[in-house]
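Let's walk through this structure together, one part at a time. Keep the picture in view as you read.

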Amino acid sequence: MSETIKADLELNLQGLMCPLPVVKISQAIKNVPVGGVIEATATDPGVMADIPAWAKSTGNEMLKVEKEGKVIRFWVKRLK
Amino acid sequence: MSEEKKKASMVVFSGDMDKVMAAFIIATGAAAMGYETTMFFTFWGLKAIQKGNRTGKGFFGKMLGIMNRGGIDRIGPSRFNFGGIGRWMFKKMMSDKGVTPLAQLRQTAIDLGVKLLACQMSMDVMEISREDLIDEVADVVGVAAFIGEAGDSQINLFI
């Protein structure tokens with residue numbers, strides 16, 4: 001679990017509620033190259049289910065998710 | 001998911017704050033997930049895409065325009081509105097929790113390319129003209145145009 005993932009873009013989604021985390025991720029993914037990674041933090045517990053669902057639907061990949069207290073940190077990779 | 005175009009469409013019949021909110025949340029979510037999304041606003045739902053000016057030409061139309069005045073910020077929840085107190089309370093509770101306000105959610109939908117369509121027949125009945133609707137409305141159409149969109153959609157809702 002301790003290997004570090006190099007992120008091309010960092011995104012702060014803390015304080016945002018549904019549907020904004022998914023909306024912001026969908027906009028931000030266009031700003032990284034194919035194969036690029038976004039590292040994001042959020043506080044909406046809904047992202048635990050929503051980001052994997054978004055990734056599956058859009059053909060991208062959620063690499064990893066971590067909870068640090070109330071903050072959820074996750075990495076998504078652009079696949080296409 | 002296959003390479004077939006992903007599409008979502010919905011009828012927004014309700015002009016209640018809570019239901020319009022649900023409609024825009026689903027629409028923005030669908031757009032974010034790669035669905036080409038269409039919203040068809042009819043009857044009370046037209047309120048969500050009106051500028052908020054007074055509407056109506058004849059006596060009944062003008063009466064309706066007064067009773068139904070205001071734009072998206074003026075609509076109340078389907079329950080517990082109590083003459084506007086409920087609307088105020090829900091807006092406050094939502095803003096305290098960082099939920100996006102309705103007008104901003106509509107703008108997000110527009111920014112994501114959600115197509116807004118208005119129902120010609122309801123507009124004629126309620127005496128609402130194209131100029132009474134926000135400029136971002138893509139077109140004023142009938143049921144066949146909506147069914148055309150809905151027929152290609154994997155997701156279709158009536159709200």
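How many bridges join β3(A) to strand β4 of chain A? There are seven, and these two strands run antiparallel, with β4 covering residues 71-77. Strands here are DSSP runs labelled E of at least two residues, and helices are runs labelled H or I of at least four, both numbered from the N terminus. Two strands pair if DSSP finds at least two bridges between them.

Before going further, a word on the source: this is a predicted model, in which local features need pLDDT of at least 70 and side-chain atom pairs count only at pLDDT 80 or more, while totals for chains, interfaces and linings use all residues. Residues are numbered from 1 along each chain as its sequence is written, chains are lettered from A and ligands numbered from 1 in the order in which they are written, and side-chain values use heavy atoms, leaving out hydrogens and water.

Now look at the whole sheet in chain A. It is an open sheet of four strands in the order β1-β2-β4-β3, with mixed pairing. At its edges are β1 (9-13) and β3 (61-68) of chain A, each pairing on one side only. On average, neighbouring strands are turned by 15° against each other, direction ignored; the axes are lines fitted to C-alpha atoms, for helices over the stretch in contact, and angles run from 0 to 180 degrees between N-to-C directions. Helix α1 of chain A (residues 20-28) packs on this sheet and touches β1, β2 (37-42) and β4 of chain A. Contact means heavy atoms within 4.5 Å. The direction of this helix makes about 160° with that of β1(A).

Next, find A:R73 in β4(A), which stands opposite A:E66. The side chain of A:R73 also meets that of A:E39 in a salt bridge (2.9 Å, N to O). A:E39 lies in strand β2 and A:R73 in strand β4 of chain A, so this pair ties together parts 34 residues apart in sequence. A salt bridge is a side-chain nitrogen of Lys or Arg within 4 Å of a carboxyl oxygen of Asp or Glu.

Finally, turn to where the chains meet. Here 16 residues of chain B are in contact with 14 residues of chain A. How many salt bridges are counted between chain B and chain A? The count is zero, although over all chains it comes to eleven.
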